[in-house]
Amino acid sequence: MRYIEQEKVVRRMNGRMIVNRIFQGLFMFATALALLALVILLYRIVSQGAGHLSLDFLINFASRFPAEAGIKAALVGSIWLMAVVAPTSMILGVGSAVYLEEYAKKGRITSFIQMNIANLAGVPSVVFGLLGLTIFVRTLALGNSVLAAGFTMSLLILPVIIVAAQEAIRSVPGELRDASYAMGATRWQTIVRIILPAAIAGILTGSILALSRAIGETAPLIVIGIPVIIQFLPAGVMDTFTALPMQIYDWSSRPQAEFQTVAAAGIIVLMVVLLFMNSVAVFIRNKFDKSY
Amino acid sequence: MRTSVQEMIAKSKDKKSKKIIEKLIPVLLFLIASVSVLTTIGIILTLIIETLTFFTRVPFTDFIFGTTWLPFSNTEARFGIWPLIIGTLKITGIAIIVAVPIGISAAIYLSEYASDNVRRVVKPVLEVLAGIPTIVYGFFALTFVTPVLQSFFPEIKIFNAISPGIVVGIMIIPMIASLSEDAMSSVPKSIRDGALAMGSTKFEVAWKITVPAALSGIIASVVLGLSRAIGETMIVSLAAGSTPKFDGDFTGSIQTMTAYIVQVSKGDAGYGTTIYYSIYAVGFTLFLFTMAMNILAGYMSKRFREEY
């Protein structure tokens, strides 16, 4: 008795190959569609905004007149914001990761903290805005300052930094740790002199990617009441400010068509900032990444 | 005089400052690690307390059963949440229709068909798509997708549910594609090779072996995408309008929960007004929706995971 009917297999083979081809084409088409969306988006924005880009655009304040509108206050404001978010979120994020990976005993509390971090990452950014509004703006009376916005953003990207730092720390081989202890180093010495230097590339890369998310976030800033039209630069962290995405949001939502060009130019500036941050992250990853 | 290593270690062990540091650091780090827990507690407490204040002014039943959302009316303000939920569901529904077929197809293509070279190029490009700020997507929806749709279907208004729905879908494609691809790639090669050796075509391997084996991960990715779409704020604020409606119309202006929060925050609803507290009630509803989705996704990927 034959288990395989040769003729039947041969007869059906053609059809099966055709189905395979058709679906391969469909799957490829879908992938291409996603990539096409990116190309159209970038092309539209560059073609709309490039004409408005000039040195004046970078050094002018916002204006009622589209032709004179500039992005200075927003650009400087975003840099101020990052000056608060970067140290705050990195100290909290790396500290949490070191605790979870190096000190915490595997148990209920640790897995609770871990689960909490995963859930926190899924909370919509606008809800973080409500948290910032209540805690930082009202209860701690920081007002709509750089500090209030910076703390809110730091909490928003905290889960991302913790997870990235944890992965980086986990990828440091155990032998390095053992060798350090064997030489008589204490736990903290091992962490500061061995583990963190070995994990620094991963930590920095993850942190920069998280910061580039913070620099593009708009919703929390709107909710905590960051203004748009500002004709001065903040002098300190307690001053109010505006940020790139806020300015872009304001220009986009204006009815005059001319402001759309201005908004597109603003988007180009934001994307260049993002591109710069991502390149730095890639550079760090390639330059300092030691493989063990 | 030479000191031996043992002596050096013994000497350094005796240093008091060092002992204190070794004791203090874990405590300090524990406090830092608890910030993330405090954030969650802060979010929940904030939402609950302000929402309770809201319910002292607007009856709870009016809020969860009401089908009229008219917060800015001077004479007869109404706070029935359903129009905002319907608005959110419209956007989410369109987004899922766009993102699920494209995202999962891309994942199958990348994990089953694409060569390593193609994968090395496509995956980072999809990551770029994921890294674009939502405000940029919002601008794209308002200034490109809506006019294009209008040229085909003139009945579509400048603010509508379709255009932002599609763009939210584009935004969550990378997320669904990359999480599904991760799930499919973790299916062992030996199973795939077994099917191929039995004479299966690549499509049969994908459809009958890989996808069923990775189903829990794929579903989890879709649920996470849903949660992202529900919480998406800037695209809908810019392109969907601000008209809370309790109907099935997709071509006109609508309002989502997130867009309402932005609308109130942008205006100057004074601190302490009912409208001010209403954004917390809406935020709480939104939080519950996304939290349910996130827990469901976590449960799906744990419960139905097939171990090899």
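Trainee: Which helix of chain B holds Phe140(B) and Phe144(B), and how many residues apart are they?

Mentor: Both are in helix H6 of chain B, residues 134-152, at a spacing of 4 residues, about one turn of the helix. A helix here is a DSSP run of H or I with at least four residues, strands being E runs of at least two, and numbering starts at the N terminus. The model is predicted, with pLDDT of at least 70 required for local features and 80 or more for side-chain atom pairs, while totals for chains, interfaces and linings use all residues. Residues are numbered from 1 along each chain as its sequence is written, chains are lettered from A and ligands numbered from 1 in the order written, and side-chain values use heavy atoms, without hydrogens and water.

Trainee: How many aromatic pairs are there over all chains?

Mentor: The count is 20.

Trainee: Is Phe140(B) buried or exposed, and how do you know?

Mentor: Phe140(B) has 5% relative accessibility, so it is buried. Buried means under 20% relative accessible area, exposed over 50%, and partly exposed in between, with a 1.4 Å probe and protein chains only. Phe144(B), at 21%, is therefore partly exposed.

Trainee: Why is the pair of Tyr276(B) and Tyr277(B) called edge-to-face?

Mentor: The centres of Tyr276(B) and Tyr277(B) are 5.4 Å apart, and the angle between the planes is 80°, hence the name. Tyr276(B) is buried at 4%, and Tyr277(B) is buried at 9%.

Trainee: Which residues are linked into a cluster by ring pairs?

Mentor: Phe54(B), Phe55(B), Phe60(B), Phe63(B), Trp69(B), Phe72(B), Phe79(B) and Tyr260(B) are linked in this way.

Trainee: How do you know that Arg254(A) lies over the face of Phe259(A)?

Mentor: Arg254(A) is 4.8 Å from the ring centre of Phe259(A). A charge sits over a ring if NZ of Lys or CZ of Arg is within 6 Å of the centre and within 35 degrees of the normal. Lys90(B) is likewise over the face of Phe250(B), at 5.8 Å from the ring centre.

Trainee: How many residues does each chain bring to the contact?

Mentor: Chain A brings 72 and chain B brings 71, where contact means heavy atoms within 4.5 Å. Together the chains bury about 6,200 Å², 78% of it on carbon and sulfur atoms. Phe27(A), Leu130(A) and Tyr249(A) provide 11% of the area that chain A buries against chain B, more than any other three residues. Buried area is the accessible area (1.4 Å probe) lost when two parts are put together, summed over both.

Trainee: What makes Glu204(B) and Arg16(A) a salt bridge?

Mentor: The closest N and O atoms of Glu204(B) and Arg16(A) are 2.8 Å apart. A salt bridge needs a side-chain nitrogen of Lys or Arg within 4 Å of a carboxyl oxygen of Asp or Glu, so the pair qualifies. The count between chain A and chain B is 1 salt bridge. Helix H1 of chain A, residues 6-49, gives the largest share of the side of chain A that touches chain B, with 21 residues.

Trainee: How many salt bridges are there over all chains?

Mentor: There are 12. One of them joins Arg192(B) to Glu112(B), with the closest N and O atoms 3.5 Å apart. Arg192(B) is in helix H8 (residues 189-197) and Glu112(B) in helix H4 (residues 82-113) of chain B, so the pair ties together parts 80 residues apart in sequence. Arg192(B) counts as buried at 14%, and Glu112(B) is buried at 11%.

Trainee: What separates Lys189(B) and Asp193(B) in helix H8 of chain B?

Mentor: They are 4 residues apart, about one helical turn. Their salt bridge has its closest N and O atoms 3.3 Å apart. Lys189(B) is exposed at 58%, whereas Asp193(B) is partly exposed at 34%.

Notes
Phe/Tyr/Trp six-rings, centres within 6.5 Å; stacked < 30°, edge-to-face > 60°.
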